[in-house]
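Please consult the sequence and the model shown below.

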Amino acid sequence: MPELAILTGSPAFTHPLHVGRPNIANQERFLERTGQILDRNWLTNNGPLVQEFEQRIAAILAVKHCICVCNATIGLEIAIRAAGLKGEVIVPSYTFVATAHALQWQEITPVFADIDPATHTLDPTRIERHITPRTTAILGTHVWGRPCPVESLVEIAQRRGLKLMFDAAPAFGCSHRGRMIGGFGLAEVFSFHATKFLNSFEGGAITTNDDELAAKIRLMTNFGFSGYDNVIYIGTNGKMTEVSAAMGLTNLEGIEDLVAVNRRNYEAYRACLTGIPGVALMLYDIAERGNYQYVVVEVNEAAAGLTRDELVKVLHAENVLARKYFWPGCHRMEPYRSLYPYAGMFLPETERVAARVIVLPTGQTITVEIVSTICGIIRAAFAQSAAVRAALSQRT
Ligand SMILES: Cc1ncc(COP(=O)(O)O)c(C=O)c1O
């Protein structure tokens, strides 16, 4: 059993192990593309690399249209506006705050609905109670890259006359019933932020099979310009730069290797965590394509002898910078906490899951040996929970 740093002061790892450390597929290839950008002197405004990136994404996801954007938050704002969402929109609270902000920013009310504790995505049985005459849409998030219950959401949306869109920020490379995420609902929005499975420093993409919507989104992403000097629509600046596309294209060439690494680490965590009471690893459906970008664990205090927050402190002392996610839930963040102080009454599963989840490091720099050490720390912390609690209480 490893000695715990919380007791000895000596961490297992000399360097911090981060969650969401950027993965870079091929530095040389990226620099080569960057040189070409500089030679062409075409840095942004729908350059050739952005066009190539869009075509490749559309082909991989089997969607008609892909519009790259500077980040997913702006992408969500544009897609929401282009699709005509207004009034109230039903969203999960268990998501990154950008999902809610993209609505509130446009004075659309995010109405938080609860999640299914087994999947962490919107629970279709808890949506209809929130529908009012002002509701115009449902906006689901494919949390951890695991798909929302798409068919049930489509059924509710159709029956109640609502639009349906997806925040697919973490879900690049994932499938649902054999179809790649990207073509569901009216539109889906991916993030290519540095921490994401596919990264372009900052960046994102809106995908849709709707020709009219795609045309609107393209205009809105570029101030509404339709050719030189001709603005035909309200718009913003959501453009992706060429250097982002160079990074995105380079990383796209490496996604199969990255999935293999993430999958290997996930399997190693699965094997090493088995039999430790009080931790449950969130499982991926092996019948689907997944990016395995998130190693998600729920901590059950009653069985573990430690709370999730105590375990996070133990891991941080070892230089394992595990993260709470999506703690404390959007409804407990501003401005939502003040605007909708009673939202939590309808979100018991969100509150329970948000209090129990941690995400552990994975990606290119994490080896099976590192995974084994991290799991050994968790096992040791639970086995010595009383001593750990005493040491933690001395610290605060
Ligand atoms: C679910 C979700 N939505 C939206 C975003 C925002 O993405 P971006 O950082 O590209 O704006 C993120 C990023 O972390 C996310 O996880």
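This is a predicted model: local features need pLDDT of at least 70, side-chain atom pairs count only at pLDDT 80 or more; totals for chains, interfaces and linings use all residues.

A disulfide is a covalent bond between the sulfur atoms of two cysteines. For the count, a pair of cysteine sulfur atoms must lie within 2.5 Å.

Cys 70 has its closest cysteine sulfur in Cys 68, 11 Å away, and this is too far for a bond. With a relative accessible area of 22%, Cys 70 is partly exposed. Cys 272 is likewise in no disulfide, the nearest cysteine sulfur being that of Cys 375 at 4.4 Å. Cys 272 counts as partly exposed because its relative accessibility is 22%, and the cut-off for buried is under 20%.

## Ligand surroundings

Which residues are closest to the ligand? Of the 14 residues that surround the ligand, the closest are Ala 72, Thr 73, Asp 167, Ser 191 and Lys 196.

A polar backbone atom of Ala 72 is 2.9 Å from an oxygen atom of the ligand. In the side chain of Ser 191, an N or O atom is 2.7 Å from a ligand oxygen atom. Asp 167 places a polar side-chain atom 2.6 Å from a nitrogen atom of the ligand.

## Helix H4

Ala 72, listed among the closest residues to the ligand, belongs to helix H4, which spans residues 72-82. This helix is mostly covered, with eight of its eleven residues buried. The buried residues are Ala 72, Gly 75, Leu 76, Glu 77, Ile 78, Ala 79, Ile 80 and Ala 82.

The N-terminal end of H4 is capped by Asn 71, which has a side-chain oxygen 3.0 Å from the backbone nitrogen of Thr 73. Just after the helix, Gly 84 adopts a positive phi of about 80°.

Strand E3 (residues 88-92) is largely enclosed by the rest of the structure, because five of its five residues are buried. In a regular strand the side chains alternate between the two faces of the sheet. Glu 88, Ile 90 and Pro 92 point one way from E3, while Val 89 and Val 91 point the other way; all are buried.

E3 runs parallel to strand E4 (residues 109-113), to which five bridges join it. Within this pairing, Thr 109 of E4 stands opposite Glu 88. Between E3 and E4 the chain passes through helix H5 (residues 97-104), forming a right-handed β-α-β crossover. E3 also pairs in the parallel sense with strand E5 (residues 135-141), over three bridges. There the bridge partner of Glu 88 is Thr 135.

## Thr 350 in helix H13

Is Thr 350 buried or exposed? Thr 350, in helix H13 (residues 348-356), counts as buried because its relative accessibility is 0%.

The side chains of Thr 350 and Asp 114 are joined by a polar contact of 2.5 Å. Leaving aside neighbours within four places in sequence, Asp 114 is one of the contacts of Thr 350, together with Ser 93, Tyr 94, Ala 113, Ile 115 and His 331. Among these contacts, Ala 113 lies in strand E4 (residues 109-113).

## An antiparallel sheet

Four strands form an open sheet in the order E11-E12-E15-E14, with antiparallel pairing. Strands E11 (279-281) and E14 (323-324) stand at the edges; each has a single partner strand, so one side of each is left without a neighbour in the sheet.

Strand E12 (residues 295-299) and strand E15 (residues 357-360) pair in the antiparallel sense over four bridges. In this pairing, Val 295 stands opposite Leu 360 of E15.

## Gly 224 in a loop

Gly 224 is found in the loop between helix H7 (211-221) and helix H8 (242-252). With a relative accessible area of 0%, Gly 224 is buried. Apart from neighbours within four places in sequence, its contacts are Leu 219, Asn 230, Val 231, Ile 232, Tyr 233 and Gly 235.

How far apart are the C-alpha atoms of Gly 224 and Thr 274? These two residues are 50 residues apart along the chain, and their C-alpha atoms are separated by 54 Å.

Note on methods: Residues are numbered from 1 along each chain as its sequence is written. Side-chain values use heavy atoms; hydrogens and water are left out. Helices (H or I, at least four residues) and strands (E, at least two) are DSSP runs, numbered from the N terminus. Buried means under 20% relative accessible area, exposed over 50%, partly exposed in between (1.4 Å probe, protein chains only). A polar contact is a pair of N or O atoms within 3.5 Å; within protein, one must be able to donate a hydrogen and the other to accept it, and residues adjacent in sequence count only if both atoms are side-chain atoms. Contact means heavy atoms within 4.5 Å. Two strands pair if DSSP finds at least two bridges between them. A crossover is right-handed if, with the strands pointing away from the viewer, the path from the first strand over the helix to the second runs clockwise. A residue is near a molecule or strand if one of its heavy atoms lies within 4 Å of it.
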